[in-house]
Amino acid sequence: MTDKERYAVQIALVKEECKEVDEDEVAKEFERYENEFLIPPNDAVRSVILKFQKVSGKETESFPGTTARVEKKVDRFKELGSDDKNVTLEVAVVTYVPRVQMVRGEEKQIAFGWIEDNPWESTDKRERWDFKDWGAHSENLRPNSIVRLEGVSVNEWNDKRSININRGSRVTVLREGGPAVPTLSDEPVSIEKASENEGYVNLLVRIISLKPDVITKRDGSGTIDIFRGTLADSSGKISFLSWVPVDHKVGDLVKIEGAMIRKFRETPEVNVNDRTKIEKFHDSNFANIEDLSKATTSRISDLRNGMKDVIVTVQVESWQSRTFTNSDGEEKIVRSGDVMDPSGRCRLTAWCEIEPKTGDFLHLNGARVQFWQGSPDLVVDNSEQIQNLTEAPWDAINPENHWVQITLSDLVNGGSRRGVKTTGTIVAVKNDSGIIERCPECKRILRDGSCQDHGPQHGVEDLRLKFVIDDGINNASLILGKIPSEKFLSMTQEEVKEQISQRGKEDFIALIRNKILARKVVINGRSLVDNQGAMILAENIHLDTSTNEDAANLVMEQWGVLL
Amino acid sequence: MMNQVRFSRQSAIRIFAQEYSDANLPLEGVGEYAPSFIITKLGAKVNRALFGGVIDRFERREGDNGPTYSGHLRDATGGVHRFQIAPFQPELHADAEELLARFESGDRFLMMMIGRARWFESDDGGIFTSFRAEEFTTVERSVYVNWLVETSAATLRRLDAYNSSLESENSVESLKSAGVPEDLIEGMILAKNHYSSFDPENYKVGVLQSLSMALSSNSEIEQMLISTEESTSPATSENNSQTSDDVKSDSKPSGDVDEVILNVIRSSPNPDGVPYDSIVLACVEAGFSRESSEDAIEDLRDIKCEIIEPRFGFFQILD
């Protein structure tokens, strides 16, 4: 009797589990167990099956707690199985949203968000998964950072896989991201604090305005009834949008649990849905609606794209009206002008009939803010929103020299503004300063004689200078158009062209460097700030004339230094 | 929704040579375009810096890929800012040649420079910092003095932050509540984990020197220009000690002490090299401070590569 025949029953059992095994090999193994290890064939079946499963590379069924968990290192999400544990991989953190969740009757601070694999490559080469953070890793899981995750596990639910970052997982920051998302607390936060980040918050606020509204679906399939309004506390106000009916009225003090802060354009907004809890709250010390409405009056420097229900007072500098035909063939009139307040200047557009005179003071209630050419501008839709003040709220501002002085840091960290004046040192003269060619159609700069939209063109020559201005903590690009460039260089555009053609571009750049690099300058102009950084369009630039003695004395005074 | 992470431009830290050359903690950026930094003892995170001084040394070396220029700008704290212009920066070579011609003709002048932090690590793990020039220009005195004032303010701000951090735990939250400005917190945490305790008074002395220069007549800066010019002729080795006070003894031109060191080694009969202690002794006898002599030996060994240390503590001329 051969081994194969002798162990036929056991071999059949092994073959049930491991289909591709060689029967002779299995027979040999049983023989070995029987003779070498002194284990009878029936008792050896389990061991033999395990052995052949391992040989064939199949996942072995391990007994919980008896085998050490093996670390699995992967580069991409697609390499992961649905029940992989103790996984190590590098990811980019896209979002991190903390929230409080009930876990087995206990309130737990958790967070969820998006991560992407292949973090060192561009986003189109990455895959994005959800994750849940059970281990309070908010300090290390900052949006925009790249981290190495160790000891995380895969979770599969409804055919969707995600990563669980556990209490025992390790998160190592490989590249710093933005600021950490603050952890949630049950305590309501101030509107000012809530506005800093997107995510879930609890608020204790008074309803300042509330009205039903209708959203028309983009695909034309119908409308959704919603509520819009404004909430306020002593730290500020914020608009809100509710997808469910709101059973409270204007003036009510309410506690809102589980509201979602979302950004609409550049403005944070509270989103309320069916999981949000709103209940009436009693606190006689909470600021009343009159005070809160007063406190929420904006200045021009506070305006951000997307703001609604803005209350602001402005002084009119100029006013025009313009007739145009809209896409429906109707003739429409739009009125607009330049307006100012002590904090700056902007444009005001009115879709209603008002004819203010230069120097009038207008009080606007319920205006909205829209971006136009990168600056936040005020828009009013009906004349009820406008009140022409008889009494001047401030001494009339002279538009000729109305420049609001702000530090470069405030400018870089604030919103886009017109009419600002700032100071900094020039730390770079860009090589594309000088004569450029613009597309005659759209004024965009031509590259190799060709416009991005309009193809090859005979360009229109223009002069501009590009610098970087820096105060040691922040920096901004600085662009001078033709007029300020000519003034700064004391040369006309023709003279610049002449000089470049005679002595070369490098010589021209060197000339500018000698004139302005490492010098402190004062700039008047407007700022455009977005998430790529800040840019200043200068209307005027001149070297700082304050003396070094004064500056040194000021420094010593500020830091209490004696020589 | 997410666009690729962009690194915004790093601001130019205003920093004196003293603080930067003391630093030996690099923070290497991980990934493409991630910026790297040098972290100073006061917690400045330097990727880009705006610095200035009188040109003290400038030379060209020809390499396989083209010329490398390197030089020193000495500022009011007495230290030097080391900088290089690399072969792959041809756009700066024309200006560098012009400077070199001026420098070699014996002219000395004030310069301002924007540079990116770089470093190299010696075999024994020492970190040597310098800058790669980005843009530079010669400047008139008032521009340089303005930088002295601004850099004094920036240094005092860091000193103030450092002092506020002393009582505080080394974490973001604690430092924030201790009043450390946001832009200094990360560097402060790294610095405090890395550097052993030190006396920040030295940096204050540097600031006071700079401020007094900004306030006093311009004679001191002229003095600086003159004394560097003198140092180019090796004969006038000791004249300076009479004109400069104690605080400024550090700013004695390094050219002289280099000569002493090289002479000691050259004149030694010992084929194994000259012991460290006897070199320092010779320098001290020649009127240099112990500290500046030690710095000069390191400088000759690691930066200028004129001497080598084949055996620990013994030096030979590198032929």
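1. In this predicted model, B:Pro26 has B:Ile38 of strand S3(B) as its bridge partner. The strands S2(B) and S3(B), the latter covering residues 37–39, run antiparallel and are joined by three bridges.

2. These strands belong to an open sheet of three strands in chain B, with the order S2-S3-S4 and antiparallel pairing. Strand S2 (25–27) and strand S4 (45–46) of chain B each have a single partner strand and stand at the edges, so one side of each is left without a neighbour in the sheet.

3. Helix H5(B) lies across S2, S3 and S4 of chain B, and its direction is at about 135° to S2(B).

4. Helix H5 (residues 182–194) of chain B also packs with helix H3 (residues 141–165) of chain B, at an angle of about 60° and with the axes 11 Å apart. The angle makes H3(B) oblique to H5(B), and the crossing in which H3(B) passes H5(B) is right-handed. On the H3(B) side the contact involves B:Arg158, B:Ala161 and B:Ser165, which meet B:Leu184, B:Met188 and B:Lys192 in H5(B).

5. Between the chains, 41 residues of chain B are in contact with 37 residues of chain A. The elements of chain B that give two or more residues to this side include strand S5 (48–63), helix H2 (90–104) and helix H6 (201–215), while H3(B) gives the most, with twelve residues. The side of chain B that touches chain A divides into 22 nonpolar, ten polar and nine charged residues.

Definitions and conventions: Residues are numbered from 1 along each chain as its sequence is written. Chains are lettered from A and ligands numbered from 1 in the order in which they are written. This is a predicted model: local features need pLDDT of at least 70, side-chain atom pairs count only at pLDDT 80 or more; totals for chains, interfaces and linings use all residues. Axes are lines fitted to C-alpha atoms, for helices over the stretch in contact, and angles run from 0 to 180 degrees between N-to-C directions. Helices (H or I, at least four residues) and strands (E, at least two) are DSSP runs, numbered from the N terminus. Angles under 35 degrees count as roughly parallel, over 145 as roughly antiparallel, 65 to 115 as roughly perpendicular and the rest as oblique. A crossing is left-handed if the near helix is turned anticlockwise from the far one by less than a right angle, and right-handed if clockwise. Two residues are in contact if their C-beta atoms, placed from the backbone, lie within 7 Å. Ala, Val, Leu, Ile, Met, Phe, Trp, Tyr, Cys and Pro count as nonpolar, Asp, Glu, Lys and Arg as charged, and the others, Gly among them, as polar. Two strands pair if DSSP finds at least two bridges between them.
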